[in-house]
Amino acid sequence: MRPLFATLPGVSAPPPFGGNQRTIVVMLDPDKLRQYQISPEEAIAAVGKATLVMPSGNMWTGNVERIARTNAALGGNLSELLATPIRPVSGTTVFLRDIGTIENGTDLVTAYAHVNGKRTVYIPVTKRSDASTLSVINASKQQSRTSRRWSRRCRCEPRIRSVAVRHQLHRGLVIEGLLGAALTGLMVLIFLRDWRSALIVVANIPFALLAAVVFLWAAGQTINIMTLGGLALAVGVLVDEATVEIENIHTQMLPVSHAHGPW
């Protein structure tokens, strides 16, 4: 499952944890080692050489030259590894079965993952520093749906924790921006009694935020906590500046309107 997420643009997928990693455990008998005068390092080196996948040369098949390789990777039968020769002693060959045993095991579990009180395997999916949080979330959700159809032996449940950006975008920026524009326009309409000035104030805030987003895109910036925080702070500045500018324009234009009649 990890390669499916690690190949997404802007996504970093560290190794999963919470599961039991399979390990082939070789138990060496100290008495047998002393009897055959074999050190543990020799046994470890022999086991390592017996499970190698390495090229062994080229082979011609008709007019085709093929690359041949030796595949000594351990299969499902653990008894094959017991036939690994260690080294000859007194004219006889000592095998791994003569000095130890082998069995399936697991690595030491250092982390647990629980979902609703049940053990599970957790794959953290994080974004890189130059990636957009919203793009990473959307791509991860799409990949989660694809992985459910691809893997029928496991149950994949995405847990989206990076909801702060979406919450800040919808609640802190969009809703607050519209609310600030509406209230500012209402106050201008009540005190200045000019619907055109109120309309200018209401349209100024969303157009200014839209222009800021366009400049962010042109500069190669992404939507994240820092940029959203700056846009959210800009809403308050826009409300103050729009009110002050409209009030100042209305004050400067007021003598002209009295002199030349209504607009």
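Q37 sits in the loop between α2 and α3 of this predicted model, where helices (H or I, at least four residues) and strands (E, at least two) are DSSP runs numbered from the N terminus. Although Q37 is not a glycine, its phi is positive, at about 55°. For context, most residues other than glycine have a negative phi. Q37 counts as exposed because its relative accessibility is 65%; here buried means under 20% relative accessible area, exposed over 50%, and partly exposed in between, with a 1.4 Å probe and protein chains only.

Residues are numbered from 1 along each chain as its sequence is written, and side-chain values use heavy atoms, with hydrogens and water left out. As the model is predicted, local features need pLDDT of at least 70 and side-chain atom pairs count only at pLDDT 80 or more, whereas totals for chains, interfaces and linings use all residues.

The protein has a mean pLDDT of 76 (the predictor's confidence in each residue, from 0 to 100), and 82% of its residues reach 70 or more. Among the elements, the highest mean, 89, belongs to helix α2 (residues 30-36), and the lowest, 72, to helix α9 (residues 225-260). Over residues 257-263 the pLDDT falls below 50, and this stretch has 7 contacts in the model beyond near neighbours in sequence, a contact being heavy atoms within 4.5 Å. Where pLDDT is low, the predicted coordinates should not be read in detail.

The fold comprises 9 helices and 10 strands. Of the 263 residues, 25% are buried. Among contacts between residues at least 6 apart in sequence, 65% join residues at least 24 apart. The accessible surface comes to about 18,400 Å², and carbon and sulfur atoms account for 60% of it; these areas come from the Shrake-Rupley method with a 1.4 Å probe, and for residues only the protein chains shown count as cover.

Leaving out residues up to four places away in sequence, I102 touches I24, V25, V26, L78, L81 and L82.

T184, found in helix α7, counts as buried because its relative accessibility is 6%. Not counting residues up to four places away in sequence, T184 touches V201, V239 and T243. S197 belongs to helix α8 (residues 195-218) and, at 9% relative accessibility, is likewise buried. With neighbours within four places in sequence set aside, S197 contacts V188, I246 and H250.

Helix α7 (residues 164-192) also holds F191, which is exposed at 62% relative accessibility. Together with L179, L183, L186, M187 and I190, F191 forms a nonpolar surface patch with about 600 Å² of accessible area. Patches are made of residues with over 30% relative accessible area and no salt bridge, with like charges joined within 9 Å and nonpolar side chains (Val, Leu, Ile, Met, Phe, Trp, Tyr) within 5 Å.

The count of salt bridges comes to 1, the criterion being a side-chain nitrogen of Lys or Arg within 4 Å of a carboxyl oxygen of Asp or Glu. The side chains of D31 and R34 meet in a salt bridge at 2.4 Å, N to O. Since D31 and R34 are 3 residues apart in helix α2, about one helical turn separates them. R34 is exposed, with 59% relative accessibility.

Finally, G57 lies in strand β3 (residues 53-61) and is partly exposed, with a relative accessible area of 30%. G57 is in contact with R66, I67 and A68, leaving aside neighbours within four places in sequence. From G57 to R69 the separation is 12 residues in sequence and 6.8 Å in space, C-alpha to C-alpha.
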